[in-house]
Amino acid sequence: MIPALDYYIDAKRALSAESSDEWDIFISAFNDNSRVRNTFSWVKAKRKIWWSLPEYGYAQDELPDDGFEVREFASRHEAELIQEGFEGLLDDPTSSICIDITGLMRQHIFFIMRLMKDRKIARYSLLYTEPEHYARKADTTFALGEVSMVRQVAGYEGQHSTDTSNDVLIMGGGYDHPLVAHVILSREKARLVQVHSLPSLSADMYHEALLRLDRVSGTADVAEDQTFFSSANDPFVTAATLSEACQKLRAKLPISNLYLSSLATKPQAVGFALFYLKELEGSASSVIFPVVNRYFRETGKGLGRTWVYPIELS
């Protein structure tokens, strides 16, 4: 087990138009959020690329005409989509790459990090811009449509055991309580451990997320020692929190199968991926998520802080 302190605590950095790094390649998922479009305009890069994700449902005439490359995708599956999106971009290992995760789906973030590790891209950057607040406060939803299934994320399937006596589901819950409920019910025999975002992106957002989680009450019973807290905007702290949580859980009783699901902020998803790729590969562990075919194009209002996360996975 890698000690939690081996994670790059405090590695995140604030970024702005006045203090932007410059990369060789910058990628961002196009949507209607001003924090996505504004960031794309001021980030410095030799080559900028828009990804038009099927989940947003943009027609050809709705795509940006700002002179930058736009890549569209036929497949919704994260492995096929991400490999297509990076076609021709990873050939030069010396190129510096930054991906804005603000508009990406969580399964895309997970597979990007899987792909980078498999392709031995040791260093790259992830970027995230916070909203000032969400459009409908506690009633904000991100998914548009019903959950078709709960499945494992490609590259995070794990080698699960037939022994299910002490299965554990670690859930990072967010605003979309129907998605949270689907994941919990898909592993209803597993012991539920919750990771709350505290500190959150704002005080309001923490309370709003708790209000949403209350709507899942009765779906599962969570003991006090099965609740952990981690930063909403620092994936390195999240990875360390998950490492600590698993050490505490295993100290009491060996875990038969471990399931991870991150449905809170995008930086939290990065933390879940870091933890898995550093500590769980080859074990009876997997990352699961609820499949939804469409997502709202705009959910956040205003521009909050922009963070860059330097990722190093050898």
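Visitor: Which residues lie nearest the centre of the largest pocket?
Guide: This is a predicted model. Its largest pocket holds about 190 Å³ of space. The lining counts 15 residues. Nearest the centre lie S95, S96, I97, R123 and Y124.

Visitor: Which strands each supply at least two residues of that pocket's lining?
Guide: R123 is one of the residues nearest the centre of the largest pocket. Strand 6 covers residues 123-129.

Visitor: How many residues of each class line the largest pocket?
Guide: The lining has 15 residues. Split by class, the lining of the largest pocket comes to eight nonpolar, four polar and three charged residues.

Visitor: How much space lies in the second largest cavity?
Guide: The structure holds two cavities of 30 Å³ or more. A cavity is space where a 1.4 Å probe fits but cannot get out. For the second largest cavity, the volume is about 100 Å³.

Visitor: Where does the largest share of the lining of the second largest cavity come from?
Guide: The lining of this cavity has 13 residues, with R106, Q107, S262, L263 and F289 nearest the centre. Helix 3 (106-118), strand 12 (258-262) and strand 13 (285-291) each supply at least two lining residues. The largest share is four residues, and it comes from strand 13.

Visitor: What classes of residue line the second largest cavity?
Guide: The lining of this cavity counts 13 residues. By class they are nine nonpolar, three polar and one charged.

Visitor: Is T238 buried or exposed?
Guide: T238 sits in helix 6, residues 235-252. Its relative accessible area is 1%. The cut-off for buried is under 20%, so T238 is buried.

Visitor: Which side chain makes a polar contact with the side chain of T238?
Guide: Leaving out residues up to four places away in sequence, T238 touches S230, S231, Q268, G271 and F272. One of these residues also has a side-chain polar contact with T238, at 3.0 Å. That partner is S230.

Visitor: What share of the contacts with a separation of 6 or more joins residues 24 or more positions apart?
Guide: The protein has seven helices and 15 strands. Of its 314 residues, 56% count as buried. Among contacts with a separation of 6 or more, the share from residues 24 or more positions apart is 78%.

Visitor: How much of the accessible surface belongs to carbon and sulfur atoms?
Guide: The accessible surface of the protein comes to about 13,300 Å². The share of carbon and sulfur atoms is 49%.

Conventions: Residues are numbered from 1 along each chain as its sequence is written. This is a predicted model: local features need pLDDT of at least 70, side-chain atom pairs count only at pLDDT 80 or more; totals for chains, interfaces and linings use all residues. Side-chain values use heavy atoms; hydrogens and water are left out. Buried means under 20% relative accessible area, exposed over 50%, partly exposed in between (1.4 Å probe, protein chains only). A polar contact is a pair of N or O atoms within 3.5 Å; within protein, one must be able to donate a hydrogen and the other to accept it, and residues adjacent in sequence count only if both atoms are side-chain atoms. Contact means heavy atoms within 4.5 Å. On a 1 Å grid over the protein atoms alone, a cavity is a set of points where a 1.4 Å probe fits but cannot get out, and a pocket is an open set with protein on both sides within 12 Å along at least five of seven lines; lining residues have an atom within 4 Å of a point. Grid points are joined across faces, edges and corners, and a volume is the space filled by probe spheres set on the points. Ala, Val, Leu, Ile, Met, Phe, Trp, Tyr, Cys and Pro count as nonpolar, Asp, Glu, Lys and Arg as charged, and the others, Gly among them, as polar. Accessible areas come from the Shrake-Rupley method with a 1.4 Å probe; for residues, only the protein chains shown count as cover.
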